[in-house]
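Subject: Structure handover

Hello,

Here is the structure for you to take over. My notes on it follow below.

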Amino acid sequence: MSLETVWLALLGLLLAGYFVLGGYDYGAQMLHPFLGRDGEEEKRTSGNAALDAIAPFFLGNEVWLVAFAGVLFGAFPHLEGTLLSGLYPLIVAILAGLVLGNAAVQLRRRSHSPRGRRMWDVLIVVGGTVPAICWGLVVGLLLHGVPRRADGSFHIGFGEVFTPFVLVCGAVTVLLFAAHGATFVALRSEPRIAAKAREMGAKLIGGAAAVGALALLLTLFGEGASMTNRATSAVITALFVAALGAGWWYLTRGRNVLAFVATCCATALPVLLLGAGHYPYLLITGAGAGLDIDHAITDDATLKILSGFGVLVIPTILAYQFWSWWAFRGRTGQRHPSYF
């Protein structure tokens, strides 16, 4: 395997890790008004069930996004220059949602009035929904293909974003992240809240599957994804459907751990679809050609220097993630106090 392919796999791994870990953060934020404790119980416990479930991991999960951005800037400067300029409005919206959601979660605890908490609750939901839908739009754009100018540069405008397939991808991602968040809350919460989360998560998985079927129909009729490797893309799509089915099956039977494993796979597979389905292209047009890995990646000397840093940084990120999960294992309230 070439060094270029290794770095592309690392880029995909970091983005998939962010989708899995940040995805349940966004999902819990979107669902916390529906999965929280009632007013009197929240006053006694000084916390919210859904937010307490993600509390120990909330800010730490963003390190995967930072690492992804670092690899994109360092190892794929030509892709970064082309991609971010076209996606600038969506990237700004994602960052604004992150800042808004993080601030609202932190400030909610300081509010002692019901009206104040309701205001922060709305902002928390917005802070989870905006990044989720924007990431879905980004995935939809990259799957569908983006126009290429005569000079070889790519152009992404509002006309490309507001197409049926891209909007459907945005809706699928919101439903998928919400289901993933509900499954994580079920895994972490006490039995009563867990049962409510499982019921909601199963319904959301059904919604994601239904909307995803619409994206598949658009693709079959030539209005959806433009994949370079169609056989590989079909296999990954089948795995995605199987992961959704497994998540629904295990949720309806109270198997929280296996359901969470299934939704983790479902949130990671769209990244694999982008990488393996388009390889060796990283950006494509509707006709199937585009920017390939050889033209997107930096020179070999820079890659070797970056590899030295990667050997140190990536294991550190993984070690931190495993430590945090081990330190805060168990259901909320059993091994750590309420945070939010």
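**The cavity**

D25, Y26, Q29, F58, E62, G97, L98, G101, N102 and G127 line the largest cavity. On a 1 Å grid over the protein atoms alone, a cavity is a set of points where a 1.4 Å probe fits but cannot get out, and lining residues have an atom within 4 Å of a point. This is a predicted model, where local features need pLDDT of at least 70, side-chain atom pairs count only at pLDDT 80 or more, and totals for chains, interfaces and linings use all residues. Residues are numbered from 1 along each chain as its sequence is written, and side-chain values use heavy atoms, with hydrogens and water left out.

The structure holds one cavity of 30 Å³ or more. The volume of the largest cavity is about 40 Å³. Volume here is the space filled by probe spheres set on the points, with grid points joined across faces, edges and corners. Both α1 (3–35) and α6 (88–108) supply at least two lining residues each. Helices (H or I, at least four residues) and strands (E, at least two) are DSSP runs, numbered from the N terminus. The most comes from α6, with four residues. By class, the lining has three nonpolar, five polar and two charged residues. Ala, Val, Leu, Ile, Met, Phe, Trp, Tyr, Cys and Pro count as nonpolar, Asp, Glu, Lys and Arg as charged, and the others, Gly among them, as polar.

**Helix packing**

Start with α1 and α10 (residues 191–220). Their axes come within 11 Å and cross at roughly 125 degrees. Axes are lines fitted to C-alpha atoms, for helices over the stretch in contact, and angles run from 0 to 180 degrees between N-to-C directions. That makes α1 oblique to α10. Angles under 35 degrees count as roughly parallel, over 145 as roughly antiparallel, 65 to 115 as roughly perpendicular and the rest as oblique. The α1 and α10 crossing is right-handed. A crossing is left-handed if the near helix is turned anticlockwise from the far one by less than a right angle, and right-handed if clockwise. L31, F34 and L35 of α1 meet I193, K196, A197, M200 and L204 of α10; contact means heavy atoms within 4.5 Å. By class, this contact has seven nonpolar, no polar and one charged residues.

Next, α9 (residues 164–188) packs with α12 at about 155 degrees, axes 9 Å apart. The two helices are therefore roughly antiparallel. Their crossing is left-handed. Residues in contact include F177, H180 and F184 of α9 and F260, T263 and C264 of α12. The class count is 10 nonpolar, five polar and no charged residues.

Last, α7 (residues 114–144) and α12 (residues 256–278) pack at about 15 degrees, with axes 10 Å apart. That makes α7 roughly parallel to α12. Again α7 passes α12 in a left-handed crossing. V139, L142 and L143 of α7 make the contact with L273, L274 and H278 of α12. By class, there are five nonpolar, one polar and no charged residues.

**A cis peptide bond**

Most peptide bonds are trans. Here a cis peptide bond joins Y279 and P280, with omega about 10 degrees. P280 sits in the loop between α12 and β1 (281–284).

Best wishes

Key
1 Å grid on protein atoms, 1.4 Å probe; cavity = no way out; pocket = protein on both sides within 12 Å on 5 of 7 lines; lining within 4 Å.
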